[in-house]
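Student: Could we go through this structure together? I would like to begin with the aromatic residues.

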Amino acid sequence: MIHEQRQALDEMVNKMRSGRLTRRSFMQRAAVIGLSSSAAVSLLEACGGSSNSTGGNGAATNIVWQSDNDTTNTYKDIVDTFNSSIGKQKGIHVTWLNGPTNTQDMLTKYNNMFRARSHTNDIISLDIVYPAQFAQQQWTVPIDDSKWPAAERAKYLQGPIKGCTYNGKLWAAPFRTDLGLLYYRKDLVPTPPSTWDDLTNSAKSVSPSKVKYGYVWQGSQYEGLVCDFVEVLYGFGGSVLDANDATKVTVNSPQALQALTLMTSWVGTISPAATTTYTEDLSLAAWEQGNAAFMRNWPYAYVKSNNPQESKIPNKFDISSLPHGGSESVGHSAIGGWNIAINAYSQQQDASWEFIKYTLSPEAQKKGAIGASYTVTLQSIYDDPDVLSKQPLFGKLKPILQNALPRPVSPKYVDVSDAIQRNVYQALKKQATPADALKQLASDLQTVVSSK
């Protein structure tokens with residue numbers, strides 16, 4: 001939806017409320033501006049129009065939510081339930097717009113909207129790496145304690161909340177997350193490794209004698225490499241940027257040297273020489289063929305790996321938290337996920353918060369978990385009997401999620417990510433030593449965080 005479409009929608013709503021637009025004309029115009037028939041009917045009812053009326057006198061405040069892409073209709077279910085319950089009680093109607101499959105297309109749309117100071121979308125879904133960027137641009141509004149008290153926030157996973165926090169303020173509500181997992185062949189390695197050294201030694205003990213590769217992971221030069229790198233780095237107690245000061249670079253540390261030296265040593269030994277071309281799907285392909293003892297991947301790989309139609313290892317594996325190293329006692333997954341923020345130019349910010357608050361409710365979070373297998377952020381969902389009966393994996397995820405951490409939080413995340421990808425990749429390709437790669441990475445990051 002673009003600005004002109006939102007204007008047309010608001011005009012239609014006003015005319016419907018005042019009785020100056022028939023139901024048929026409303027539906028025809030809704031189709032022209034791209035609303036689905038179900039969304040149009042729902043909005044029509046909120047305006048007071050029905051199949052037996054020619055006009056309406058409803059007083060519902062219409063707000064538009066631009067979500068991330070959902071192929072399961074779970075977001076539609078959440079919106080419909082809100083509209084028919086809390087929305088109906090409070091005079092609020094949410095129009096849901098499903099997002100594109102390409103996140104870059106969504107970012108382009110957001111950039112155009114905010115640079116025009118438009119309120120086309122009152123509520124927007126943001127990937128976990130973007131809340132800080134949008135906050136610095138003053139495109140979104142902070143969620144303060146009066147809206148979402150600290151006592152309530154404590155019931156949710158803290159990793160996603162940290163990812164949505166910048167300069168001490170929360171800029172988006174974490175609806176769902178994602179996390180890196182260690183998959184292991186329990187027929188080859190009965191007990192999952194607790195440290196990175198354990199993983200390395202276990203991988204060497206079974207490959208190539210019992211399995212082709214010891215460990216498959218994501219070493220190609222793309223965003224997945226950032227996730228894999230920070231997971232090993234966090235496991236050793238290191239960081240990329242100071243958690244309390246995004247302008248302070250901390251990556252050139254003894255912990256980072258341990259992490260990158262270890263990762264570099266895997267390539268061509270316990271991991272394929274072609275690891276520097278591996279993405280999630282290539283790692284999964286090797287794993288499903290029974291060619292690896294360990295794999296780092298996201299939860300989506302669990303169902304696929306257990307499908308006998310595409311996998312040779314159903315029921316032969318399990319998952320675990322990622323290992324730790326050095327003096328640390330716990331590993332940390334990097335998180336993904338989607339969060340919900342309020343457009344700073346929206347004229348309906350209070351109504352927008354009412355809907356966001358509903359998405360955080362046990363009812364909506366449960367819909368996300370059961371309807372779409374989303375790893376939602378309300379911790380109690382992972383103990384819910386209904387959820388566990390339909391999503392048994394969730395019972396294993398809770399302790400891993402509780403230690404998960406965001407990638408570096410920075411308003412310049414795109415450039416931060418690019419610097420990590422380039423320099424870590426050079427080390428993996430043996431084009432730079434780990435020490436030189438980290439020194440250059442620190443220099444590149446200092447340039448990024450210091451730029452205006």
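Tutor: One aromatic cluster is formed by W65, Y75, F82, W96, F175, F355, Y358 and Y374. Rings of Phe, Tyr and Trp (its six-membered ring) pair if their centres lie within 6.5 Å; planes under 30 degrees apart count as stacked, over 60 as edge-to-face and the rest as tilted. Please note that this is a predicted model, in which local features need pLDDT of at least 70 and side-chain atom pairs count only at pLDDT 80 or more, while totals for chains, interfaces and linings use all residues. Residues are numbered from 1 along each chain as its sequence is written, and side-chain values use heavy atoms, with hydrogens and water left out.

Student: What sits over the ring of Y374?

Tutor: The charged end of R176 does, 3.8 Å from the ring centre. The criterion is NZ of Lys or CZ of Arg within 6 Å of the ring centre and within 35 degrees of the ring normal.

Student: New topic: how many aromatic pairs does the structure hold?

Tutor: It holds 23 aromatic pairs. In one of them, the ring centres of Y183 and W287 are 6.1 Å apart and the planes are at 70°, so this pair is edge-to-face.

Student: And are Y183 and W287 buried or exposed?

Tutor: Both Y183 and W287 are buried (under 20% relative accessible area; exposed is over 50% and partly exposed in between, with a 1.4 Å probe and protein chains only).

Student: Which kind of pair do Y183 and F317 form?

Tutor: Y183 and F317 form a tilted pair, 6.1 Å centre to centre with 40° between the planes. F317 is buried too, with a relative accessible area of 4%.
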